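Hi everyone, thanks for making time. Let's take a look at this one together.

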Amino acid sequence: MDSTIADTRRLFTKPQNLNDAYGPPSNFLEIDVCNPETVGVGRNRYTTYEVKLKTNLPIFKLKESCVQRRYSDFEWLRAELERESKVVVPPLPGKALFRQFPFRGDDGIFEENFIEERRQGLEQFLNN
């Protein structure tokens, strides 16, 4: 019977200072989708989402940026990523065609709950 003893020695670590404990990580990329806003009227009505980016990665010229984007912009980005890369691109939240039918009795794709679900899905798409 072969018995092995686990090595319980600790790895050598340097003392941690406050900056190590509470400072930003060495490399980070934060993307937030927030502040949905519905603009326009009638058939020209659409919702935009604010996309905020913060990073310290050297590949980015701007360390912070903020832009407004529509759902169709996310569709374009996903199509480009699929076309140009060999990685699996995560799905976008659904198109919600049934919510666009007239005479539904609600705001359809402009309903607050739907917009929030879509915002969360878009943020998850960008962060995956």
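What do the buried residues of H2 pack against? Before I answer, two notes. This is a predicted model, where local features need pLDDT of at least 70, side-chain atom pairs count only at pLDDT 80 or more, and totals for chains, interfaces and linings use all residues. Residues are numbered from 1 along each chain as its sequence is written, and side-chain values use heavy atoms, with hydrogens and water left out.

Now the answer: the buried residues of H2 pack against S2, strand S3 (64–70) and H3. Helices here are DSSP runs of H or I with at least four residues, strands are E runs of at least two, and both are numbered from the N terminus. Contact means heavy atoms within 4.5 Å.

Which residues of H2 are buried? They are Tyr 71, Phe 74 and Arg 78. They cover an arc of only 55° around the axis, so they sit on the same side of H2; that arc is taken from the directions from the helix axis to the C-beta atoms. The face turned away from the buried side carries the exposed residues Trp 76, Arg 83 and Glu 84. Buried is under 20% relative accessible area, exposed over 50%, and partly exposed in between, with a 1.4 Å probe and protein chains only.

Let's stay with Arg 78, in helix H2 (residues 71–84). Arg 78 counts as buried because its relative accessibility is 18%. A polar atom of its side chain lies 2.7 Å from the backbone oxygen of Pro 90. Leaving out residues up to four places away in sequence, Arg 78 touches Val 89, Pro 90, Pro 91, Leu 92 and Phe 125.

Note on methods. A polar contact is a pair of N or O atoms within 3.5 Å; within protein, one must be able to donate a hydrogen and the other to accept it, and residues adjacent in sequence count only if both atoms are side-chain atoms.
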